Amino acid sequence: MVLVMQTDAPFWDSLVFDGIDDVDVEVVTAAFGTVEVVARGRGAGAACPDCGGFSDRVHDRYQRRLKDLPLADQGFVIRLTVRRFICGSADCSRRTFAESFSRLAAPYARFTTRLNHALEQVGLALAGRAGARLAAYLGFGAGRMTLLRRVMALPDPRFSTPRVLGVDDFAIRRGPTYSTVLTSVEDHRVVDVLPRREAGPLAAWLTRHPGVEIICRDRAGAYAEGARRGAPDALQVADRFHLWQGLGRAVETCVAAHRDCLHGPSPGGALPEAMSAESSRPQDDSEPLGRRAERKKAAHALVHQMLTQGHSRRAIARHLGWGLNTVL
Ligand SMILES: [Zn+2]
């Protein structure tokens, strides 16, 4: 079915171009799953972008094709006739200029501003491939590189120097190269990324951004040194992850030291293997060698006992709460 509607009624304008008053809609057609709107500029002329002088002397016209947000599951395209005006100002070096539709689309853009905005949001939420799948479902028709380009074109978010700064390292592409990420602990936002995980870049960053009161970091000496040099008045605290990690190790060391105080497992206990295995799990580097070897031997014997009972390695790992590599 092909629907053609000749229109000069404001109804279509307000429906299709809500709040945009610088175009006139001439024809609306619907065919093959796409609504096409033919429109042109409404103003009598336009202002030169260089000198600001008004001109209504038309040099020529050309067509722009703008893809817009889908309308009721149909693709939506605006075919826009753009006039190029002659700048008549003697002082201006520009000969001609095209009229702009700043609220509808950016210059040279193939998508309308509102479709662009939607693509930015999809790209920010899901990035390339996942975003492209959602965009296809929503009828936006944008590939993963288009989404990534929209995200890359966004200006960097502005931030104020956080009062509580989180400092931690991360592996680039899970490889052997590390960088440092700075976060605002109070509002959980990434503030900056520094090269390497050394004291120098952190100290320089803190010097450039005074006002940090608390630095929340891991226990690496480099960050302690960088924080001391860059923000000597700031309070340095261990972050929650490393506090938990330290507490866990301390508890395990303590329990291991008092292992002899524990009674043997009751014969009718629910999971005696798991209990003895958990306490024999090799973890702590500061443990005496003899005891560690004893625990490893016990773990080895336990795994083999379960294997002879017919359990798979995966099932054993799951039952004991160990990684598969530990069982292997
Ligand atoms: Zn001019």
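Student: Why is F85 called buried?

Tutor: F85 has a relative accessible area of 0%, and buried means under 20% (exposed is over 50%, partly exposed in between, with a 1.4 Å probe and protein chains only). So F85 counts as buried. By the way, this is a predicted model, where local features need pLDDT of at least 70 and side-chain atom pairs count only at pLDDT 80 or more, while totals for chains, interfaces and linings use all residues. Residues are numbered from 1 along each chain, and side-chain values use heavy atoms, with hydrogens and water left out.

Student: What makes F85 and F97 a tilted aromatic pair?

Tutor: Rings of Phe, Tyr and Trp (its six-membered ring) pair if their centres lie within 6.5 Å; planes under 30 degrees apart are stacked, over 60 edge-to-face, and the rest tilted. Here the centres are 5.9 Å apart with 40° between the planes, hence tilted. F97 is buried too, at 2% relative accessibility.

Student: How do you know that the zinc ion has a tetrahedral arrangement?

Tutor: Donors are N, O and S atoms within 2.8 Å of the metal (3.2 Å for Na, K and Ca), and since water is not among the atoms, sites may look incomplete. The SG atoms of C48, C51, C87 and C92 sit at 2.3 to 2.4 Å. Four donors are tetrahedral if all angles lie between 85 and 135 degrees; these subtend 97 to 116°, so the arrangement is tetrahedral.

Student: What makes R197 a charge over the ring of Y178?

Tutor: NZ of Lys or CZ of Arg must be within 6 Å of the ring centre and within 35 degrees of the ring normal. R197 lies over the face of Y178, at 3.6 Å from the ring centre.

Definitions and conventions. Tetrahedral: all angles 85-135°; square planar, octahedral: opposite > 155°, others 65-115°.
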